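Student: Please give me a close look at a single part of this model. I would like one connected account, with the cut-offs behind each term.

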Amino acid sequence: MSTSESEDSTGLLRTVLPPNQVDRVFDFCGENGWKLLALGAVVGALPPLLGLEQGYYMTVVSEMYLFAILALSWDLVGGQTGYPSFGNMAFFGIGAYATAILVKDFAVAFPVALIAAGLLAVAFAALIGAAVLRLRGHYFAIATLGVLLAAQQISRNLDITGGASGKILLQVPSGTVFYYLFFGVLVAEMALIYYLSNTRFGFILNAIRDDEEKATAMGFNTTYYKTAAWMLAALFTGVAGGTYSLFNTFIDPQTAYNGAWNVELIAMALLGGSGTVAGPVIGAFGLHTLIEFVETAFVGWQLVLLGGAVIVTVIGFPEGVVGTLREYASEMAYYERGGMAAVDSGEDTEVTADE
Amino acid sequence: MAVTQFVVNGLLVGALFAAVAVGFALIWGVVDIINLAHGEMVMLGGYTSYWVLSLITGNAEGSPALFLVTIPAAIGVLYVVGYGLQRTLVSRVIGTDIFLTLLVTFGISIAIQQLAIQAWSANPRSIQVSFADPSLVAAGLVIPKMKLIAFVGAIVLTVALYVFLQRTRTGRAIRAVSQNPEAAALVGIDVEHTRAVTFGVSSAIAGGVGAFIATILNIQPQMGLIYTLKSFVIVVFGGVGSIPGALVGGLLLGSVEELTAGFVSSQWTLAVSFTLLIVLLVVKPNGLFGEGAEQ
């Protein structure tokens, strides 16, 4: 990863990886976004067909997809719309509990339960969003954290959720099913967000992030767009949560409403580059691999690492991998074309993922 | 009489919440940072006092006087921790996006938590303070002695902070930086140092309160976040930068929690205070006292 080096812009780096090459990669990604996404979808679908069906790596890769979904959902509201939520895991928990209860206590087939979980999370988001999306900055962040912890406490005290001991699910589908489920949701979400980022809807979300008052002054009903993005994020997070409860075969208030995960997924989105489609996914794959490694090698230190990673990212390069690279890429164009032309070429390259 | 007893319990605990919240409000007002690691300072203060007492007596038990001796230690250690955190990490994100400041302090918070678990295990601990005779009983109300001492201690810390801000030269410098950092720099105040002192003083107060909390409740590495959030509820209620507001807010929050515990169930206290937080934010984001922060 040359990102950290690109900051000091040494001569060596420029020879090995000239900015205009990076710029060309961005252009290529921008032009062939859909093809790259399709290619990624095909490559990602291969492992189970090639014989990887069970075991450690299957679980790790599935979790990677899960975190990518969560980070991307967070980024839709946190990065694209500029409302940093510390309570996204509330949707996850609601989805997880809804699925667990429906499958276990009401014997509902799990695809139906997943859809119900997603819809329930959306309904919850609409309800909560009406209140918290009126707040900004500090207040929004803390209110969402409050929502997460209140939801956790309520689940801990209710009978239907199994209280503090949670719910155990025994009859679950095989690992391959979950692999495709997580992967399918991730691809669908990436496609949707990539599509939206070039539509009026996506532009308005970005306008809200940049200056909400101006967006309102231009006649957009910002509340409508904010709430829609928030509900969309809740849908994917809720479905991911529902899938996770079966995947994990166990759910309790601590895992379902995991505050540390919430920070983890924010760190992923930031590390990769928030406000883009590829960024959160790259960040999720990278950070999750690292965390998985630390979890096996140094048990009990993963949160120290996570805290450190968050601090370093925020202080070191808040633009993330994609953002820093893009800045680096536009550097050369700045000298070649001069003035604002460089800024333009840097801004309209939309990237997509190819993982 | 049950209601009166609950309210009295609530006021006794509420003073501790208030003293934690005062430091939180001070950092918010002066440095413009929501310090999500503030609760960890409470936790660290509790552990400092616990270990100092263990060092003296061999186990974490002792007479009230011996316990009170550990308080300056907790305050001193946490002052250094707070000052250091501000100087090394937090100062780097001042003036950037609010969200980045939240993330940095959250990162500090979870890192401290996990380090504390590694160092001291996740088991709850408490300091046992021995008394010769049982709780005070006045007009049918039971008042545990240690709670009374903790209450007085918290009030003393809060008032001390208030006097420090109002009467001392450093306190005036802190208030100047909070009003206008540039103008403060122009008249010769070292802004960076003053901010770090603010951070240190706030953490020190939280640490002192943490020591009291270790005697009447218990301490464990993951206790911090709850105190941070309670501080937030209190500050939102009392208004940013208002010490009297925070005091009233803390006493009220304590009473509400004890009443919930008494009439519903103690399991619901946290759910109620977090719900109260959301409702307050939506209904009255500027607080009942003070002018509040800009949105």
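Tutor: The expected span of a helix is 1.5 Å times one less than its number of residues. Helices (H or I, at least four residues) and strands (E, at least two) are DSSP runs, numbered from the N terminus. This is a predicted model, in which local features need pLDDT of at least 70, side-chain atom pairs count only at pLDDT 80 or more, and totals for chains, interfaces and linings use all residues. Residues are numbered from 1 along each chain as its sequence is written, while chains are lettered from A and ligands numbered from 1 in the order in which they are written.

Start with helix H4 of chain B, residues 98-120. Its 23 residues should span 33 Å, and its end C-alpha atoms are 33 Å apart, so the two values agree. B:Ser121 follows H4(B). B:Ser121 lies in the loop between H4 and strand E2 (128-129) of chain B. Its phi is positive, about 65 degrees, although B:Ser121 is not a glycine. Most residues other than glycine have a negative phi. B:Ser121 is exposed, with 11 other C-beta atoms within 10 Å. The cut-offs are 12 or fewer such atoms for exposed, 20 or more for buried, and partly exposed in between, with C-beta atoms placed from the backbone.

H4(B) also matters to the count at the chain contact. Residues are in contact if their C-beta atoms, placed from the backbone, lie within 7 Å. The contact takes 34 residues from chain B and 36 residues from chain A. On the chain B side, H4, H9 and helix H11 (269-283) each give two or more residues. H4(B) supplies the largest share, 15 residues. By class, this side has 26 nonpolar, seven polar and one charged residues. Here Ala, Val, Leu, Ile, Met, Phe, Trp, Tyr, Cys and Pro count as nonpolar, Asp, Glu, Lys and Arg as charged, and the others, Gly among them, as polar.

Now take H9(B), residues 224-238. H9(B) packs against helix H1 (residues 2-31) of chain B at about 75 degrees, with the axes 8 Å apart. That makes the pair roughly perpendicular, a label for angles of 65 to 115 degrees. H1(B) brings B:Phe17, B:Ala18, B:Val20, B:Ala21, B:Phe24, B:Ala25 and B:Trp28. H9(B) answers with B:Tyr227, B:Lys230, B:Ser231, B:Ile234 and B:Val235. By class, that is 10 nonpolar, one polar and one charged residues.

Not counting residues up to four places away in sequence, B:Ala18 touches several residues, including B:Ala154, B:Thr158, B:Ile234 and B:Leu251. B:Ala18 is also among the residues with the most contacts inside the largest nonpolar core, which has 215 residues. Such a core is a set of buried Ala, Val, Leu, Ile, Met, Phe, Trp, Tyr and Cys residues joined through C-beta atoms within 7 Å. H1(B) gives the largest share of this core, 17 residues.

Just after H6(A), A:Ala107 takes a positive phi of about 50 degrees. A:Ala107 sits in the loop between helix H6 (89-105) and helix H7 (110-132) of chain A. A:Ala107 is exposed, with 9 other C-beta atoms within 10 Å. In H6(A) itself, 15 of its 17 residues are buried.

Terms used
Axes fitted to C-alpha atoms, helices over the stretch in contact; angles between N-to-C directions. Parallel < 35°, antiparallel > 145°, perpendicular 65-115°, else oblique. Contact = placed C-beta atoms within 7 Å.
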